[in-house]
Amino acid sequence: PTLASPEFFAAVQRAKGPDTPINENDPSDAVSLLSYLNRDQYGTWPVVYGQYYNAPLDRENPYSDGTPLYVKDKQKGKYSMTDERKNTIPNFDPRFCTIFPRMWSSDPEHQHPQMYKSWGEIKGIPIDVTNEDGKTETLYKPTFIENVRFFISYQIGHMYMRYFLWNFAGRQNDTQGEGGIRNGNWISGIPAIDNIRLGNQTTLPDSMKNAAHNKFYLLPLILGLIGMYFQLRKHTDGFLVVMLLFFMTGIAIVLYLNITPNQPRERDYAFAGSFYAFAIWIGFGVMGLWDLVKKYNEKYTPVIITLVCLFLVPGIMAKEGWNDHDRSGKYATRDFAVNYLNSCAPNAILITNGDNDTFPLWYAQEVEGIRTDVRVVNFTLSSGEWYVHQLMRRIYQSDALPFTLSYNQYNKGVNEAVLYSGAIKERVELQDLIDYIASDDPSSKYQAASRNLAMYPTKNVKISVDSASMVKNGMVPPQFAGKVVSSVEFDIKPNTLYKNDLMLLDFLAKNKFKRPVYFSNPASIKSFDLSRYCFMEGFVYRFMPANAEGSDFYKRIGGVNAESSYDILMNKCKWGKWPMLRYTSIPKASGIRSCPSRTLCAWQAA
(Lines give C-alpha, C1' and ligand atoms only; values in the text may rest on other atoms or scores of the structure.)
Protein backbone atom coordinates (compact mmCIF):
# COMPACT_ATOMS: atom_id res chain seq x y z
CA PRO A 1 0.00 0.00 0.00
CA THR A 2 1.03 3.61 -0.58
CA LEU A 3 1.96 5.83 2.35
CA ALA A 4 -1.24 7.85 1.98
CA SER A 5 -3.61 4.92 1.75
CA PRO A 6 -5.99 3.80 4.54
CA GLU A 7 -4.36 0.37 4.39
CA PHE A 8 -1.04 1.88 5.42
CA PHE A 9 -2.50 3.63 8.46
CA ALA A 10 -4.33 0.46 9.46
CA ALA A 11 -1.04 -1.44 9.24
CA VAL A 12 0.65 1.18 11.43
CA GLN A 13 -2.07 0.81 14.05
CA ARG A 14 -1.71 -2.97 14.04
CA ALA A 15 2.07 -2.68 14.41
CA LYS A 16 1.72 -0.07 17.12
CA GLY A 17 -0.17 -2.46 19.38
CA PRO A 18 -1.54 -1.42 22.77
CA ASP A 19 -0.84 1.99 24.23
CA THR A 20 2.18 2.20 26.51
CA PRO A 21 1.48 2.86 30.21
CA ILE A 22 3.55 6.06 30.23
CA ASN A 23 3.31 8.21 27.13
CA GLU A 24 3.74 11.87 28.00
CA ASN A 25 1.87 14.20 25.63
CA ASP A 26 0.89 11.18 23.49
CA PRO A 27 2.21 12.57 20.16
CA SER A 28 0.31 9.97 18.11
CA ASP A 29 -0.94 12.19 15.28
CA ALA A 30 0.23 15.24 13.32
CA VAL A 31 -1.43 17.86 15.55
CA SER A 32 -0.36 16.34 18.86
CA LEU A 33 3.17 15.82 17.49
CA LEU A 34 3.36 19.51 16.53
CA SER A 35 2.13 20.48 20.01
CA TYR A 36 4.78 18.23 21.54
CA LEU A 37 7.58 19.66 19.40
CA ASN A 38 6.43 23.22 20.15
CA ARG A 39 6.45 22.44 23.89
CA ASP A 40 2.94 23.87 24.20
CA GLN A 41 2.48 22.42 27.67
CA TYR A 42 5.08 24.87 29.02
CA GLY A 43 3.21 27.94 27.84
CA THR A 44 4.78 31.05 26.34
CA TRP A 45 7.01 33.83 27.61
CA PRO A 46 8.54 36.97 26.06
CA VAL A 47 12.08 36.82 24.73
CA VAL A 48 12.77 39.79 22.42
CA TYR A 49 9.91 42.14 23.32
CA GLY A 50 7.26 41.95 26.01
CA GLN A 51 5.78 43.06 29.30
CA TYR A 52 7.18 43.71 32.74
CA TYR A 53 5.78 41.68 35.63
CA ASN A 54 3.36 44.43 36.77
CA ALA A 55 2.08 45.41 33.33
CA PRO A 56 -1.70 45.96 33.18
CA LEU A 57 -3.75 44.94 30.15
CA ASP A 58 -4.14 47.39 27.30
CA ARG A 59 -7.40 49.21 28.03
CA GLU A 60 -8.35 49.58 24.35
CA ASN A 61 -7.34 46.13 23.10
CA PRO A 62 -6.93 43.77 26.06
CA TYR A 63 -6.99 40.47 24.13
CA SER A 64 -6.15 39.05 20.71
CA ASP A 65 -7.14 35.79 19.07
CA GLY A 66 -4.92 32.76 19.52
CA THR A 67 -4.26 29.79 17.25
CA PRO A 68 -7.30 27.48 17.06
CA LEU A 69 -7.00 24.08 18.72
CA TYR A 70 -7.62 20.86 16.79
CA VAL A 71 -7.87 17.23 17.85
CA LYS A 72 -8.08 14.07 15.80
CA ASP A 73 -11.65 12.76 15.62
CA LYS A 74 -11.18 9.01 15.25
CA GLN A 75 -14.83 8.41 14.44
CA LYS A 76 -14.99 10.99 11.65
CA GLY A 77 -11.46 10.30 10.46
CA LYS A 78 -10.45 13.94 10.39
CA TYR A 79 -9.21 16.77 12.61
CA SER A 80 -11.89 18.81 14.36
CA MET A 81 -11.60 22.24 15.93
CA THR A 82 -12.31 22.20 19.68
CA ASP A 83 -11.53 25.83 20.49
CA GLU A 84 -11.25 28.85 18.21
CA ARG A 85 -9.17 30.54 20.92
CA LYS A 86 -10.91 33.86 20.45
CA ASN A 87 -9.67 36.62 22.77
CA THR A 88 -7.21 34.36 24.59
CA ILE A 89 -3.89 36.19 24.08
CA PRO A 90 -3.39 39.11 26.52
CA ASN A 91 -2.19 42.44 25.18
CA PHE A 92 -0.34 44.56 27.72
CA ASP A 93 -0.16 48.31 28.16
CA PRO A 94 2.69 49.35 25.81
CA ARG A 95 3.99 51.76 28.46
CA PHE A 96 4.96 48.70 30.52
CA CYS A 97 6.60 46.78 27.68
CA THR A 98 10.25 46.76 26.67
CA ILE A 99 12.77 45.16 24.39
CA PHE A 100 14.66 42.28 25.99
CA PRO A 101 12.19 41.81 28.89
CA ARG A 102 13.80 39.82 31.69
CA MET A 103 11.32 40.47 34.51
CA TRP A 104 8.02 39.35 33.06
CA SER A 105 6.21 36.86 35.32
CA SER A 106 3.47 38.09 37.66
CA ASP A 107 3.12 34.72 39.43
CA PRO A 108 2.41 35.55 43.10
CA GLU A 109 2.47 31.94 44.31
CA HIS A 110 6.19 31.63 43.59
CA GLN A 111 6.87 35.23 44.67
CA HIS A 112 8.24 36.28 41.29
CA PRO A 113 7.47 40.02 41.69
CA GLN A 114 9.16 40.11 45.10
CA MET A 115 12.24 38.30 43.79
CA TYR A 116 12.47 40.60 40.76
CA LYS A 117 12.45 43.59 43.09
CA SER A 118 15.16 42.05 45.25
CA TRP A 119 17.56 40.91 42.51
CA GLY A 120 16.93 43.92 40.26
CA GLU A 121 17.07 46.43 43.14
CA ILE A 122 13.99 48.02 41.63
CA LYS A 123 12.89 51.55 42.40
CA GLY A 124 11.00 52.04 39.15
CA ILE A 125 9.35 54.89 37.32
CA PRO A 126 5.86 55.95 38.53
CA ILE A 127 3.11 55.65 35.90
CA ASP A 128 -0.57 56.36 36.52
CA VAL A 129 -2.99 53.73 35.21
CA THR A 130 -6.74 53.15 35.41
CA ASN A 131 -7.58 49.90 37.15
CA GLU A 132 -10.57 47.59 36.57
CA ASP A 133 -12.68 49.62 39.00
CA GLY A 134 -12.10 52.78 36.97
CA LYS A 135 -9.87 54.30 39.65
CA THR A 136 -6.43 55.76 39.08
CA GLU A 137 -3.47 54.06 40.72
CA THR A 138 0.26 54.45 40.41
CA LEU A 139 2.43 51.53 39.28
CA TYR A 140 6.21 51.57 39.23
CA LYS A 141 7.61 50.38 35.94
CA PRO A 142 11.15 48.95 36.24
CA THR A 143 13.82 50.84 34.33
CA PHE A 144 15.76 49.14 31.58
CA ILE A 145 18.90 49.34 33.73
CA GLU A 146 17.08 47.49 36.53
CA ASN A 147 15.90 44.96 33.94
CA VAL A 148 19.49 44.36 32.80
CA ARG A 149 20.67 44.26 36.42
CA PHE A 150 18.34 41.34 37.09
CA PHE A 151 19.54 39.63 33.91
CA ILE A 152 23.19 39.93 34.90
CA SER A 153 22.87 39.22 38.61
CA TYR A 154 20.27 36.43 38.54
CA GLN A 155 19.95 34.90 35.09
CA ILE A 156 23.65 35.06 34.21
CA GLY A 157 25.32 35.17 37.62
CA HIS A 158 23.09 32.96 39.74
CA MET A 159 21.60 30.65 37.12
CA TYR A 160 24.59 30.11 34.86
CA MET A 161 27.97 31.32 36.13
CA ARG A 162 27.36 29.79 39.56
CA TYR A 163 26.74 26.41 37.92
CA PHE A 164 29.69 26.86 35.59
CA LEU A 165 32.02 27.58 38.50
CA TRP A 166 30.66 24.58 40.46
CA ASN A 167 32.35 22.46 37.81
CA PHE A 168 35.59 24.35 37.31
CA ALA A 169 36.27 26.34 40.51
CA GLY A 170 34.54 24.49 43.36
CA ARG A 171 31.23 24.05 45.15
CA GLN A 172 30.08 25.14 48.59
CA ASN A 173 27.47 22.39 49.16
CA ASP A 174 24.57 20.62 47.46
CA THR A 175 21.83 22.49 49.33
CA GLN A 176 19.73 24.57 46.94
CA GLY A 177 20.56 28.25 47.15
CA GLU A 178 18.52 31.34 46.38
CA GLY A 179 21.21 33.96 46.74
CA GLY A 180 22.26 33.72 50.41
CA ILE A 181 25.82 33.04 51.53
CA ARG A 182 25.07 29.70 53.22
CA ASN A 183 23.87 27.42 50.42
CA GLY A 184 24.63 26.45 46.84
CA ASN A 185 27.39 28.93 46.04
CA TRP A 186 30.61 28.36 44.14
CA ILE A 187 33.87 28.41 46.05
CA SER A 188 37.50 28.08 45.07
CA GLY A 189 39.17 26.67 48.17
CA ILE A 190 41.35 29.78 48.31
CA PRO A 191 40.52 31.66 51.56
CA ALA A 192 41.47 35.08 50.19
CA ILE A 193 38.73 34.68 47.55
CA ASP A 194 36.07 32.72 49.43
CA ASN A 195 36.15 34.50 52.78
CA ILE A 196 35.42 37.89 51.22
CA ARG A 197 32.33 36.56 49.46
CA LEU A 198 30.97 33.98 51.91
CA GLY A 199 32.61 34.52 55.28
CA ASN A 200 35.29 32.42 56.95
CA GLN A 201 34.99 28.95 55.43
CA THR A 202 37.53 27.35 57.78
CA THR A 203 35.34 27.60 60.88
CA LEU A 204 32.14 26.03 59.59
CA PRO A 205 30.12 24.21 62.29
CA ASP A 206 29.42 20.52 61.85
CA SER A 207 25.84 21.32 60.86
CA MET A 208 27.11 23.07 57.72
CA LYS A 209 29.66 20.45 56.67
CA ASN A 210 28.65 18.72 53.46
CA ALA A 211 30.02 15.96 51.24
CA ALA A 212 29.58 18.26 48.24
CA HIS A 213 32.02 20.84 49.66
CA ASN A 214 34.37 20.57 46.68
CA LYS A 215 37.52 22.71 46.43
CA PHE A 216 39.16 22.74 42.98
CA TYR A 217 41.33 25.85 43.66
CA LEU A 218 40.33 27.33 40.25
CA LEU A 219 42.72 24.90 38.54
CA PRO A 220 40.25 23.46 35.96
CA LEU A 221 39.12 27.00 35.16
CA ILE A 222 42.67 28.26 34.66
CA LEU A 223 43.62 25.30 32.49
CA GLY A 224 40.49 25.85 30.35
CA LEU A 225 41.30 29.54 29.91
CA ILE A 226 44.81 28.59 28.80
CA GLY A 227 43.25 26.18 26.32
CA MET A 228 40.93 28.89 24.99
CA TYR A 229 43.86 31.21 24.33
CA PHE A 230 45.94 28.43 22.80
CA GLN A 231 43.21 27.34 20.36
CA LEU A 232 42.38 30.94 19.47
CA ARG A 233 46.02 31.62 18.63
CA LYS A 234 46.71 28.34 16.85
CA HIS A 235 43.41 27.55 15.12
CA THR A 236 40.91 30.40 15.04
CA ASP A 237 38.31 28.49 13.02
CA GLY A 238 38.30 25.62 15.51
CA PHE A 239 38.04 28.08 18.38
CA LEU A 240 34.96 29.66 16.81
CA VAL A 241 33.30 26.24 16.44
CA VAL A 242 33.89 25.35 20.11
CA MET A 243 32.89 28.85 21.19
CA LEU A 244 29.64 28.54 19.25
CA LEU A 245 28.95 25.20 20.96
CA PHE A 246 29.82 26.74 24.34
CA PHE A 247 27.54 29.74 23.76
CA MET A 248 24.56 27.92 22.25
CA THR A 249 24.44 25.31 25.03
CA GLY A 250 24.94 27.88 27.78
CA ILE A 251 24.19 31.60 27.57
CA ALA A 252 21.84 31.14 24.59
CA ILE A 253 19.67 28.84 26.70
CA VAL A 254 19.59 31.50 29.43
CA LEU A 255 18.51 34.11 26.88
CA TYR A 256 15.79 31.90 25.42
CA LEU A 257 14.31 30.42 28.62
CA ASN A 258 14.15 33.85 30.32
CA ILE A 259 14.38 32.07 33.67
CA THR A 260 12.11 33.13 36.51
CA PRO A 261 13.25 33.24 40.17
CA ASN A 262 12.51 30.63 42.85
CA GLN A 263 13.04 27.60 40.65
CA PRO A 264 11.84 24.33 42.26
CA ARG A 265 15.28 22.76 41.89
CA GLU A 266 18.80 23.64 40.78
CA ARG A 267 18.97 23.79 36.97
CA ASP A 268 22.65 23.06 36.36
CA TYR A 269 21.78 20.03 34.20
CA ALA A 270 20.26 22.37 31.58
CA PHE A 271 23.72 23.76 30.77
CA ALA A 272 25.74 20.53 30.76
CA GLY A 273 26.51 20.97 27.04
CA SER A 274 28.45 24.17 27.66
CA PHE A 275 30.42 22.46 30.44
CA TYR A 276 31.41 19.74 27.97
CA ALA A 277 32.50 22.44 25.52
CA PHE A 278 34.69 24.07 28.17
CA ALA A 279 36.19 20.64 28.92
CA ILE A 280 37.44 20.64 25.31
CA TRP A 281 39.43 23.76 26.13
CA ILE A 282 40.81 22.05 29.24
CA GLY A 283 42.22 19.43 26.89
CA PHE A 284 43.72 22.15 24.73
CA GLY A 285 45.11 23.72 27.90
CA VAL A 286 47.45 20.75 28.31
CA MET A 287 48.74 21.36 24.78
CA GLY A 288 49.03 25.07 25.54
CA LEU A 289 51.21 24.45 28.59
CA TRP A 290 53.40 22.06 26.62
CA ASP A 291 53.72 24.64 23.85
CA LEU A 292 54.72 27.22 26.46
CA VAL A 293 57.47 25.27 28.23
CA LYS A 294 58.78 22.91 25.49
CA LYS A 295 61.71 25.21 24.76
CA TYR A 296 63.22 24.31 28.14
CA ASN A 297 63.12 20.51 27.75
CA GLU A 298 61.31 19.36 24.62
CA LYS A 299 62.06 15.67 25.21
CA TYR A 300 60.31 15.25 28.56
CA THR A 301 57.94 18.20 28.49
CA PRO A 302 54.89 16.29 27.11
CA VAL A 303 55.17 13.64 29.83
CA ILE A 304 55.79 16.14 32.62
CA ILE A 305 52.98 18.48 31.57
CA THR A 306 50.53 15.62 31.10
CA LEU A 307 51.28 14.14 34.52
CA VAL A 308 51.15 17.51 36.28
CA CYS A 309 47.85 18.41 34.63
CA LEU A 310 46.45 14.95 35.32
CA PHE A 311 47.12 15.23 39.05
CA LEU A 312 46.21 18.90 39.42
CA VAL A 313 42.96 18.90 37.45
CA PRO A 314 41.10 15.58 36.98
CA GLY A 315 42.97 14.15 39.94
CA ILE A 316 41.90 16.84 42.39
CA MET A 317 38.39 16.89 40.91
CA ALA A 318 38.08 13.15 41.53
CA LYS A 319 39.42 13.50 45.07
CA GLU A 320 37.02 16.31 45.95
CA GLY A 321 33.97 15.26 43.99
CA TRP A 322 33.93 11.46 44.05
CA ASN A 323 32.19 11.07 47.40
CA ASP A 324 29.23 13.28 46.55
CA HIS A 325 28.87 11.93 43.00
CA ASP A 326 29.15 8.27 43.95
CA ARG A 327 25.63 6.81 43.81
CA SER A 328 26.54 3.26 44.83
CA GLY A 329 24.54 2.06 47.79
CA LYS A 330 22.11 4.95 47.60
CA TYR A 331 18.63 3.46 47.44
CA ALA A 332 16.69 6.16 49.23
CA THR A 333 14.67 7.29 46.20
CA ARG A 334 13.80 3.76 45.13
CA ASP A 335 12.92 2.78 48.70
CA PHE A 336 10.77 5.83 49.27
CA ALA A 337 8.85 4.92 46.11
CA VAL A 338 8.38 1.35 47.29
CA ASN A 339 7.28 2.61 50.70
CA TYR A 340 4.69 4.89 49.12
CA LEU A 341 3.28 1.99 47.10
CA ASN A 342 3.36 -0.48 49.97
CA SER A 343 1.47 1.98 52.14
CA CYS A 344 -1.54 1.58 49.85
CA ALA A 345 -4.31 -1.00 50.04
CA PRO A 346 -4.81 -3.36 47.05
CA ASN A 347 -6.20 -1.79 43.86
CA ALA A 348 -5.73 1.70 45.29
CA ILE A 349 -5.52 5.10 43.60
CA LEU A 350 -2.51 7.18 44.73
CA ILE A 351 -2.72 10.87 43.80
CA THR A 352 0.68 12.54 43.56
CA ASN A 353 1.70 16.14 42.87
CA GLY A 354 4.45 16.44 40.28
CA ASP A 355 7.64 14.97 38.85
CA ASN A 356 9.60 14.44 42.04
CA ASP A 357 7.11 12.21 43.84
CA THR A 358 5.80 10.48 40.69
CA PHE A 359 8.79 9.40 38.61
CA PRO A 360 10.28 7.17 41.35
CA LEU A 361 6.89 5.45 41.67
CA TRP A 362 6.76 4.91 37.92
CA TYR A 363 10.25 3.42 38.06
CA ALA A 364 9.29 1.01 40.86
CA GLN A 365 6.27 -0.16 38.90
CA GLU A 366 7.68 -0.19 35.37
CA VAL A 367 11.19 -1.50 36.04
CA GLU A 368 10.86 -3.58 39.19
CA GLY A 369 7.19 -4.52 38.82
CA ILE A 370 6.32 -3.43 42.36
CA ARG A 371 2.63 -2.96 43.22
CA THR A 372 1.32 -2.54 39.69
CA ASP A 373 -2.19 -2.83 41.14
CA VAL A 374 -1.82 0.71 42.50
CA ARG A 375 -2.74 3.42 40.00
CA VAL A 376 -0.47 6.44 40.33
CA VAL A 377 -2.33 9.60 39.29
CA ASN A 378 -0.22 12.71 38.79
CA PHE A 379 -2.53 15.59 39.67
CA THR A 380 -0.32 18.13 37.87
CA LEU A 381 -0.18 16.18 34.61
CA SER A 382 -3.94 15.71 34.59
CA SER A 383 -4.25 19.31 33.43
CA GLY A 384 -3.40 17.82 30.01
CA GLU A 385 -6.08 16.00 28.04
CA TRP A 386 -3.66 13.27 26.99
CA TYR A 387 -3.08 12.26 30.60
CA VAL A 388 -6.78 12.15 31.50
CA HIS A 389 -7.31 9.98 28.43
CA GLN A 390 -4.63 7.61 29.70
CA LEU A 391 -6.39 7.42 33.08
CA MET A 392 -9.38 6.02 31.20
CA ARG A 393 -7.37 2.91 30.27
CA ARG A 394 -6.48 -0.17 32.26
CA ILE A 395 -2.76 -0.45 33.03
CA TYR A 396 -1.28 -3.71 34.29
CA GLN A 397 -3.38 -4.85 37.27
CA SER A 398 -5.00 -1.43 37.72
CA ASP A 399 -8.44 -0.84 36.24
CA ALA A 400 -9.28 2.42 34.50
CA LEU A 401 -10.49 5.30 36.61
CA PRO A 402 -14.26 5.84 36.42
CA PHE A 403 -15.44 9.19 35.04
CA THR A 404 -18.78 10.75 34.20
CA LEU A 405 -17.44 13.12 31.55
CA SER A 406 -16.68 11.40 28.26
CA TYR A 407 -13.38 11.07 26.40
CA ASN A 408 -14.30 13.98 24.11
CA GLN A 409 -15.33 16.19 27.05
CA TYR A 410 -11.72 15.96 28.28
CA ASN A 411 -10.28 16.75 24.85
CA LYS A 412 -7.78 19.52 24.34
CA GLY A 413 -9.60 22.83 24.22
CA VAL A 414 -12.69 21.38 25.93
CA ASN A 415 -13.45 22.13 29.59
CA GLU A 416 -10.08 23.78 30.09
CA ALA A 417 -11.88 26.08 32.52
CA VAL A 418 -15.26 25.64 34.25
CA LEU A 419 -16.74 28.84 35.66
CA TYR A 420 -18.62 29.40 38.91
CA SER A 421 -22.09 30.86 38.43
CA GLY A 422 -23.31 31.05 42.03
CA ALA A 423 -26.84 30.05 41.05
CA ILE A 424 -27.22 27.70 44.03
CA LYS A 425 -26.16 28.33 47.61
CA GLU A 426 -27.16 24.96 49.10
CA ARG A 427 -24.82 21.99 49.44
CA VAL A 428 -25.42 19.51 46.62
CA GLU A 429 -24.25 16.03 45.74
CA LEU A 430 -20.93 16.12 43.95
CA GLN A 431 -22.26 13.66 41.37
CA ASP A 432 -25.14 16.03 40.58
CA LEU A 433 -22.64 18.85 40.13
CA ILE A 434 -20.58 16.74 37.71
CA ASP A 435 -23.72 15.72 35.81
CA TYR A 436 -24.58 19.41 35.45
CA ILE A 437 -21.09 20.18 34.06
CA ALA A 438 -21.33 17.21 31.65
CA SER A 439 -24.80 18.22 30.45
CA ASP A 440 -25.42 19.53 26.94
CA ASP A 441 -28.17 21.80 28.24
CA PRO A 442 -27.45 25.34 26.97
CA SER A 443 -28.58 26.75 30.31
CA SER A 444 -25.55 25.09 31.94
CA LYS A 445 -23.14 26.91 29.65
CA TYR A 446 -21.71 30.43 29.56
CA GLN A 447 -21.25 32.10 26.19
CA ALA A 448 -17.74 33.60 26.02
CA ALA A 449 -16.63 34.94 22.63
CA SER A 450 -17.13 31.94 20.30
CA ARG A 451 -17.04 29.35 23.08
CA ASN A 452 -19.62 27.80 25.37
CA LEU A 453 -17.95 27.35 28.75
CA ALA A 454 -19.33 24.89 31.28
CA MET A 455 -20.41 26.26 34.64
CA TYR A 456 -20.84 24.92 38.14
CA PRO A 457 -23.64 26.51 40.18
CA THR A 458 -22.38 26.01 43.75
CA LYS A 459 -19.16 25.63 45.69
CA ASN A 460 -20.73 23.55 48.46
CA VAL A 461 -20.67 19.83 47.70
CA LYS A 462 -20.93 16.48 49.43
CA ILE A 463 -20.46 12.78 48.73
CA SER A 464 -23.16 10.79 50.50
CA VAL A 465 -22.21 7.26 51.54
CA ASP A 466 -23.77 4.25 53.20
CA SER A 467 -22.00 4.72 56.52
CA ALA A 468 -23.07 1.31 57.81
CA SER A 469 -21.21 -0.49 55.02
CA MET A 470 -17.97 1.52 55.14
CA VAL A 471 -16.43 -0.52 57.97
CA LYS A 472 -17.91 -3.78 56.72
CA ASN A 473 -16.37 -3.49 53.25
CA GLY A 474 -13.00 -2.31 54.61
CA MET A 475 -13.15 1.30 53.42
CA VAL A 476 -12.84 2.47 57.05
CA PRO A 477 -10.73 0.60 59.64
CA PRO A 478 -12.68 -0.77 62.65
CA GLN A 479 -10.94 1.56 65.12
CA PHE A 480 -12.51 4.53 63.30
CA ALA A 481 -16.04 3.14 63.22
CA GLY A 482 -17.14 5.88 65.59
CA LYS A 483 -15.78 8.55 63.24
CA VAL A 484 -17.64 7.42 60.12
CA VAL A 485 -19.74 10.16 58.52
CA SER A 486 -22.85 9.81 56.37
CA SER A 487 -21.54 12.33 53.87
CA VAL A 488 -18.15 13.82 53.03
CA GLU A 489 -18.66 17.57 52.82
CA PHE A 490 -16.23 20.15 51.48
CA ASP A 491 -16.20 23.48 49.66
CA ILE A 492 -14.70 24.39 46.31
CA LYS A 493 -12.55 27.50 46.77
CA PRO A 494 -11.80 29.12 43.38
CA ASN A 495 -14.19 30.68 40.89
CA THR A 496 -12.64 28.63 38.10
CA LEU A 497 -12.05 24.89 37.98
CA TYR A 498 -9.26 23.78 35.68
CA LYS A 499 -9.03 20.41 33.99
CA ASN A 500 -7.08 18.68 36.76
CA ASP A 501 -9.55 19.98 39.36
CA LEU A 502 -12.44 18.73 37.24
CA MET A 503 -10.78 15.35 36.75
CA LEU A 504 -10.34 14.83 40.48
CA LEU A 505 -13.87 15.91 41.37
CA ASP A 506 -15.29 13.73 38.59
CA PHE A 507 -13.34 10.70 39.79
CA LEU A 508 -14.20 11.18 43.47
CA ALA A 509 -17.90 11.51 42.63
CA LYS A 510 -17.93 8.43 40.41
CA ASN A 511 -15.70 6.29 42.60
CA LYS A 512 -17.72 6.97 45.77
CA PHE A 513 -15.19 5.04 47.91
CA LYS A 514 -15.41 1.85 45.86
CA ARG A 515 -11.62 1.86 45.42
CA PRO A 516 -9.23 3.10 48.14
CA VAL A 517 -7.96 6.63 47.45
CA TYR A 518 -4.70 8.06 48.81
CA PHE A 519 -2.87 11.38 48.55
CA SER A 520 0.88 11.79 48.80
CA ASN A 521 0.10 15.25 50.24
CA PRO A 522 -3.47 16.54 50.61
CA ALA A 523 -2.20 20.12 50.94
CA SER A 524 -1.16 20.06 47.28
CA ILE A 525 -4.83 20.14 46.25
CA LYS A 526 -5.34 23.89 46.50
CA SER A 527 -8.86 24.14 45.07
CA PHE A 528 -10.54 22.21 47.90
CA ASP A 529 -9.48 21.02 51.34
CA LEU A 530 -10.03 17.29 51.90
CA SER A 531 -7.72 16.99 54.91
CA ARG A 532 -10.62 16.56 57.33
CA TYR A 533 -11.15 13.12 55.78
CA CYS A 534 -7.50 12.12 55.28
CA PHE A 535 -5.57 9.79 57.60
CA MET A 536 -1.85 9.17 57.41
CA GLU A 537 -1.15 5.49 56.77
CA GLY A 538 2.57 4.92 56.49
CA PHE A 539 3.88 7.33 53.89
CA VAL A 540 0.56 8.40 52.36
CA TYR A 541 -2.78 9.85 53.41
CA ARG A 542 -5.92 7.78 52.94
CA PHE A 543 -9.10 9.59 51.94
CA MET A 544 -12.10 7.95 53.62
CA PRO A 545 -15.55 8.90 54.96
CA ALA A 546 -14.44 9.42 58.53
CA ASN A 547 -13.69 12.57 60.50
CA ALA A 548 -9.92 12.86 60.98
CA GLU A 549 -10.15 15.69 63.47
CA GLY A 550 -8.91 14.59 66.88
CA SER A 551 -6.57 11.90 65.52
CA ASP A 552 -3.40 14.01 65.73
CA PHE A 553 -4.99 16.24 63.12
CA TYR A 554 -2.84 18.71 61.16
CA LYS A 555 -4.70 21.39 59.24
CA ARG A 556 -4.49 20.90 55.44
CA ILE A 557 -2.71 17.57 56.01
CA GLY A 558 -5.00 15.26 57.96
CA GLY A 559 -5.02 12.89 60.92
CA VAL A 560 -3.06 9.72 61.71
CA ASN A 561 -4.03 6.08 61.61
CA ALA A 562 -1.43 5.02 64.18
CA GLU A 563 -2.25 1.29 64.12
CA SER A 564 -1.95 0.99 60.35
CA SER A 565 1.10 3.27 60.21
CA TYR A 566 2.89 1.20 62.83
CA ASP A 567 2.38 -1.99 60.83
CA ILE A 568 3.38 -0.39 57.52
CA LEU A 569 6.43 1.47 58.78
CA MET A 570 7.79 -1.36 60.93
CA ASN A 571 6.97 -4.36 58.75
CA LYS A 572 6.57 -3.29 55.12
CA CYS A 573 9.02 -0.45 54.52
CA LYS A 574 12.57 -0.39 53.25
CA TRP A 575 15.14 1.94 54.73
CA GLY A 576 18.11 2.24 52.43
CA LYS A 577 20.92 -0.27 52.07
CA TRP A 578 19.63 -3.32 53.94
CA PRO A 579 22.97 -4.81 55.14
CA MET A 580 23.91 -1.51 56.80
CA LEU A 581 20.75 -0.97 58.85
CA ARG A 582 18.70 -2.79 61.42
CA TYR A 583 15.37 -1.84 62.90
CA THR A 584 14.92 -0.66 66.44
CA SER A 585 11.40 -1.76 67.26
CA ILE A 586 9.02 0.44 69.23
CA PRO A 587 7.05 -2.00 71.40
CA LYS A 588 3.32 -1.44 71.53
CA ALA A 589 3.53 -1.83 75.30
CA SER A 590 5.28 1.53 75.40
CA GLY A 591 1.91 3.19 75.04
CA ILE A 592 2.82 5.01 71.82
CA ARG A 593 -0.32 5.32 69.73
CA SER A 594 0.48 8.29 67.52
CA CYS A 595 3.40 9.13 65.29
CA PRO A 596 6.11 11.25 66.93
CA SER A 597 7.14 13.81 64.33
CA ARG A 598 4.52 12.07 62.15
CA THR A 599 6.47 8.82 61.93
CA LEU A 600 6.85 5.71 64.06
CA CYS A 601 10.09 4.51 62.53
CA ALA A 602 13.42 4.34 64.26
CA TRP A 603 16.60 2.59 63.28
CA GLN A 604 20.28 2.68 63.99
CA ALA A 605 23.50 1.80 62.20
CA ALA A 606 24.41 -1.85 62.48
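Which element gives the most residues to the lining of the second largest pocket? In this predicted model, the answer is helix H9, with five residues, and the close-up views below begin with that pocket.

**View 1. The second largest pocket and its lining.** The pocket has a volume of about 680 Å³, and of the 20 residues that line it, those closest to its centre are Trp-166, Asn-167, Arg-171, Asp-268 and His-325. Two or more lining residues come from each of helix H4 (144–168), H9 and helix H10 (301–325). By residue class, the lining divides into eleven nonpolar, four polar and five charged residues.

**View 2. The packing of helices H6 and H9.** Helix H6 (residues 219–234) packs against helix H9 (residues 272–293) at an angle of about 75°, and their axes lie 6 Å apart; the two helices are therefore roughly perpendicular to each other. Among the residues that make the contact are Leu-221, Leu-225 and Phe-230 of H6, together with Phe-278, Trp-281 and Met-287 of H9. The residues of this contact comprise 14 nonpolar, five polar and three charged.

View 3. Although Tyr-217 is not a glycine, its phi is positive, at about 60°. Tyr-217 is found in the loop between strand S10 (214–215) and H6, where a relative accessible area of 31% makes this residue partly exposed.

View 4. With a relative accessibility of 6%, Phe-513 counts as buried, because buried means under 20%.

Conventions
Residues are numbered from 1 along each chain as its sequence is written. This is a predicted model: local features need pLDDT of at least 70, side-chain atom pairs count only at pLDDT 80 or more; totals for chains, interfaces and linings use all residues. Side-chain values use heavy atoms; hydrogens and water are left out. Axes are lines fitted to C-alpha atoms, for helices over the stretch in contact, and angles run from 0 to 180 degrees between N-to-C directions. Helices (H or I, at least four residues) and strands (E, at least two) are DSSP runs, numbered from the N terminus. Angles under 35 degrees count as roughly parallel, over 145 as roughly antiparallel, 65 to 115 as roughly perpendicular and the rest as oblique. Contact means heavy atoms within 4.5 Å. Ala, Val, Leu, Ile, Met, Phe, Trp, Tyr, Cys and Pro count as nonpolar, Asp, Glu, Lys and Arg as charged, and the others, Gly among them, as polar. On a 1 Å grid over the protein atoms alone, a cavity is a set of points where a 1.4 Å probe fits but cannot get out, and a pocket is an open set with protein on both sides within 12 Å along at least five of seven lines; lining residues have an atom within 4 Å of a point. Grid points are joined across faces, edges and corners, and a volume is the space filled by probe spheres set on the points. Buried means under 20% relative accessible area, exposed over 50%, partly exposed in between (1.4 Å probe, protein chains only).
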